[in-house]
Amino acid sequence: AITLLPLLGHAEDGVVSAAAKALAAAVDARPATASMTVGRLCGIYLDNFPSIIEAKKKKKSQEELLKEQFLGKKKAPADDAGAGGRDSPAKVRVRKGVCVALSRLSDPGLNVSLATEDTLRVLSLLA
């Protein structure tokens with residue numbers, strides 16, 4: 001079931017849904033892995049949450065100002081999404097996929113019974 005976790009951040013909703021359904025089926029087949037799976041899902045969710053700490057701007061030295069004046073300003077890298085407290089589309093997709101997986105795990109048709117700690121972990125994560 002661990003190999004399905006990266007698919008929860010896939011760009012196609014159908015792939016995410018299928019991965020979440022397969023993950024739930026795997027946990028249903030081995031209910032003893034439910035707590036570990038919920039822990040991993042919560043960890044993935046938190047790892048893909050944007051930072052709320054803004055990046056501090058540092059003061060530029062005279063040398064840096066002169067270099068900018070004559071050489072031009074350096075361009076920021078294009079892959080800066082998610083830095084400085086901003087959210088990136090990839091992180092949003094992963095968090096959405098984790099929510100889909102948690103929803104599938106709570107299906108009453110499954111033989112999955114989450115421990116009280118796991119339920120509290122999920123509730124505190126999404127609160």
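**View 1. N48 is buried, with a relative accessible area of 17%.** The model shown here is predicted. The cut-off for buried is under 20% relative accessible area, so N48 falls on the buried side. N48 sits in the loop between α2 and α3. Its side chain has a polar atom 2.8 Å from the backbone oxygen of I44. Which residues does N48 touch, once neighbours within four places in sequence are set aside? They are K91, V94 and R95.

**View 2. F49 is in the loop between α2 and α3.** Is F49 buried, partly exposed or exposed? F49 counts as partly exposed, because its relative accessibility is 42%. Partly exposed covers the values between the buried limit of 20% and the exposed limit of 50%. Set aside neighbours within four places in sequence, and F49 is in contact with K91 and R95. Now look at F49 and V94. They are 45 residues apart in sequence. In space, their C-alpha atoms are 9.3 Å apart.

**View 3. Helix α2 meets helix α4.** Helix α4 spans residues 89–105. The axes of α2 and α4 come within 9 Å. They cross at roughly 160°. That angle makes α2 roughly antiparallel to α4, because angles over 145 degrees count as roughly antiparallel. The crossing is left-handed. On the α2 side, the contact is made by T37, V38, L41, I44 and Y45. On the α4 side, it is made by V94, R95, V98, C99, A101, L102 and L105. What kinds of residue make up this contact of α2 with α4? There are 10 nonpolar residues, one polar and one charged.

**View 4. Helix α2 meets helix α5.** Helix α2 covers residues 34–47, and helix α5 covers residues 116–126. Their axes come within 10 Å and cross at roughly 15°. The two helices are therefore roughly parallel to each other, because the limit for roughly parallel is under 35 degrees. The crossing of α2 past α5 is left-handed. S35, V38, G39, C42, Y45 and L46 are the α2 residues in the contact. D118, R121, V122, L125 and L126 are those of α5. By type, the contact residues of α2 with α5 split into seven nonpolar, two polar and two charged.

**View 5. V38 is a residue of helix α2.** How much relative accessible area does V38 have? The value is 0%, so V38 is buried. V38 takes part in the contact of α2 with α4. V38 also takes part in the contact of α2 with α5. Leave out neighbours within four places in sequence, and V38 is in contact with L105, L114, D118, R121 and V122. One of these, L114, is 76 residues from V38 in sequence. Between C-alpha atoms, V38 and L114 are 8.6 Å apart.

**View 6. The whole protein has five helices and zero strands.** Along the sequence, the pattern reads α-α-α-α-α. The protein has 127 residues, and 24% of them count as buried. N48 is buried, and V38 is too. Take the contacts between residues at least 6 apart in sequence. What share of them joins residues at least 24 apart? The share is 75%. V38 and L114 give an example of a contact between residues 76 apart in sequence.

Technical notes
Residues numbered from 1 in each chain as written. Predicted model: local features only at pLDDT ≥ 70, side-chain atom pairs only at ≥ 80, totals over all residues. Heavy atoms only, no water. Axes fitted to C-alpha atoms, helices over the stretch in contact; angles between N-to-C directions. Helix = DSSP H or I, 4+ residues; strand = E, 2+ residues; numbered from the N terminus. Parallel < 35°, antiparallel > 145°, perpendicular 65-115°, else oblique. Left-handed = near helix turned anticlockwise from the far one by under 90°. Contact = heavy atoms within 4.5 Å. Nonpolar A, V, L, I, M, F, W, Y, C, P; charged D, E, K, R; others polar. Buried < 20%, exposed > 50% of the residue type's maximum accessible area, 1.4 Å probe, protein only. Polar contact = N/O pair within 3.5 Å; in protein donor to acceptor, adjacent residues only side chain to side chain.
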